[in-house]
Amino acid sequence: MGEIHGMVSDSTVTDGTAADSIEREIVIAAPRERVWQILTRAEFLGRWFGSGAPAEIDLRPGGRMVFDHGVHGTLPARIEQVERPAVFSYRWSQGAAGEEPAADNSTLVRFTLTAVPGGTRLRMVESGFATLALPTEAVLARHEQNSAGWDRKLPELVLHVAKLPA
């Protein structure tokens, strides 16, 4: 199946501010191309981060991605990097629902896929918390929420890949 490795940048730093990034690594027992196909599929992304409806995704640098959160509104993102099958990154707003991502209100999520014996190592880094134009308490809360969210979401990806026929 898969294992979650390492938990980096999950605490506040000593001055009481949030760490700038959240980092996770998982190993998935599937080829890199297969993991890429799932990670960038509108249907999967919609279930993974939304209410179940397929995400809107224009899979190219500068393209738009939108997750539908039902009664909570939409979560727009801007795709930053697409290097099939190795790197996929996007910037998403940490502000109000429907708010477009900008330099001072968003974090960058970057997935790097590396072939390893028996599967794919997926490294996820979400960065930019230190530059959010939010009160310190809100940044700390967002960092904590997103950190806990990745702890739930990455195992869901592993399970989804395992359920699919080879």
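Reply: A strand is here a DSSP run of E with at least two residues, and strands are numbered from the N terminus. In this sense Ser89 belongs to strand β6, which covers residues 87-93, and the model in which it sits is a predicted one. Ser89 counts as buried because its relative accessible area is 2%, and the cut-off for that class is under 20%. If neighbours within four places in sequence are set aside, the residues in contact with Ser89 are Ile79, Glu80, Gln81, Leu108, Val109 and Arg110.

For the setting of this residue, the protein has 3 helices and 8 strands, and along the sequence they follow the order β-β-α-α-β-β-β-β-β-β-α. Of its 166 residues, 42% are buried.

In soluble globular proteins, nonpolar side chains tend to be buried together. Here the largest nonpolar core holds 34 residues, and those that touch the most other members are Trp48, Tyr90, Phe111, Leu122, Trp150 and Leu157. The element that gives the most to this core is helix α3, residues 136-163, with 6 residues. Leu157 shows how such contacts run: not counting residues up to four places away in sequence, Leu157 touches Ile26, Ile28, Ile38, Leu39, Phe44, Trp48 and Leu122.

Two of those partners, Phe44 and Trp48, also take part in the packing of helix α2 against α3. Helix α2 spans residues 42-49, and its axis lies 11 Å from that of α3 at an angle of about 145°, in a crossing that is right-handed. On the α2 side the contact is made by Phe44, Arg47, Trp48 and Phe49, while α3 brings Trp150, Lys153, Leu154, Glu156, Leu157 and His160. By class, the residues of this contact are 6 nonpolar, 1 polar and 3 charged.

Terms used
Residues numbered from 1 in each chain as written. Predicted model: local features only at pLDDT ≥ 70, side-chain atom pairs only at ≥ 80, totals over all residues. Heavy atoms only, no water. Core = buried A, V, L, I, M, F, W, Y, C linked by side-chain atoms within 4.5 Å. Buried < 20%, exposed > 50% of the residue type's maximum accessible area, 1.4 Å probe, protein only. Helix = DSSP H or I, 4+ residues; strand = E, 2+ residues; numbered from the N terminus. Contact = heavy atoms within 4.5 Å. Axes fitted to C-alpha atoms, helices over the stretch in contact; angles between N-to-C directions. Left-handed = near helix turned anticlockwise from the far one by under 90°. Nonpolar A, V, L, I, M, F, W, Y, C, P; charged D, E, K, R; others polar.
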